[in-house]
Amino acid sequence: QVRLVESGGGLVQAGGSLRLSCVASGTILSINNMAWFRKAPGKQRDLVAIIGYNGETNYLDSVKGRFTISKDNAKNTVYLQMSTLKPEDTAVYYCNADGWVSRDRTFELWGQGTLVTVSS
């Protein structure tokens, strides 16, 4: 059984930095994409950043130049380095990953979410 466990959220002042981590554990053959989403109260869930199997990345326009997604394939871990944080970045951040458990079985999972609060 595959699990995603996030860590690294917290309270930070505007202009500060945080790094989120998400570890995929369990029986994993390979991972295709790993991504970070966020949901603020009263708003829709947004895709913040995604990193593909080959390392290709894409970002939400509002975080480009401030956030960096990276991964450690050996550890099945994805990171989100967030810098120059703004109050509008306040949200619950969710990790998402999809891949293969075996040659004929796929998975797609969500983490439990980690709260990021940016004070002005």
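Buried means under 20% relative accessible area, exposed means over 50%, and partly exposed lies in between (1.4 Å probe, protein chains only). This is a predicted model: local features need pLDDT of at least 70, side-chain atom pairs count only at pLDDT 80 or more, and totals for chains, interfaces and linings use all residues. Residues are numbered from 1 along each chain as its sequence is written, and side-chain values use heavy atoms, with hydrogens and water left out.

**View 1. The disulfide between C22 and C95.** A disulfide is counted when a pair of cysteine sulfur atoms lies within 2.5 Å. A search of the whole structure finds one. It joins C22 to C95, with an S to S distance of 2.1 Å. C22 lies in strand β3 (residues 18-25) and C95 in strand β9, so the pair ties together parts that are 73 residues apart in sequence. Strands (E, at least two residues) and helices (H or I, at least four) are DSSP runs, numbered from the N terminus. The torsion about the S-S bond is about -80 degrees, so the disulfide is left-handed. C22 is buried, at 0% relative accessibility. C95 is buried too, with a relative accessible area of 0%.

**View 2. Strand β11 and its partner strands β2 and β9.** Two strands pair if DSSP finds at least two bridges between them. Strand β2 (residues 10-13) pairs with β11 in the parallel sense, over four bridges. Q13 has S119 of β11 as its bridge partner. Strand β9 (residues 91-102) runs antiparallel to β11, and three bridges join them. Here V92 is the bridge partner of L115.

**View 3. The two faces of strand β11.** In a regular strand the side chains alternate between the two faces of the sheet. Strand β11 spans residues 114-119. T114, V116 and V118 make up the covered face. L115, T117 and S119 make up the uncovered one.

**View 4. T114 in strand β11.** T114 is buried, at 11% relative accessibility. Its side chain reaches the backbone nitrogen of G9 at 3.2 Å. That is a polar contact: a pair of N or O atoms within 3.5 Å, where within protein one must be able to donate a hydrogen and the other to accept it, and residues adjacent in sequence count only if both atoms are side-chain atoms. Contact in general means heavy atoms within 4.5 Å. Not counting residues up to four places away in sequence, T114 touches E6, G8, G9, L20, A91, V92 and Y93.

**View 5. T57 in strand β6.** Strand β6 covers residues 57-59. T57 is partly exposed, at 30% relative accessibility. Leaving aside neighbours within four places in sequence, T57 is in contact with I50, I51 and I69. T57 and G8 are 49 residues apart in sequence and 21 Å apart in space, C-alpha to C-alpha.

**View 6. Positive phi at N76 and T84.** Most residues other than glycine have a negative phi. N76 is not a glycine, yet has a positive phi of about 50 degrees. N76 lies in the loop between β7 (67-72) and β8 (77-82). With 24% relative accessibility, N76 is partly exposed. T84 has a positive phi near 45 degrees. T84 sits in the loop between β8 and β9. T84 is partly exposed, at a relative accessible area of 44%.
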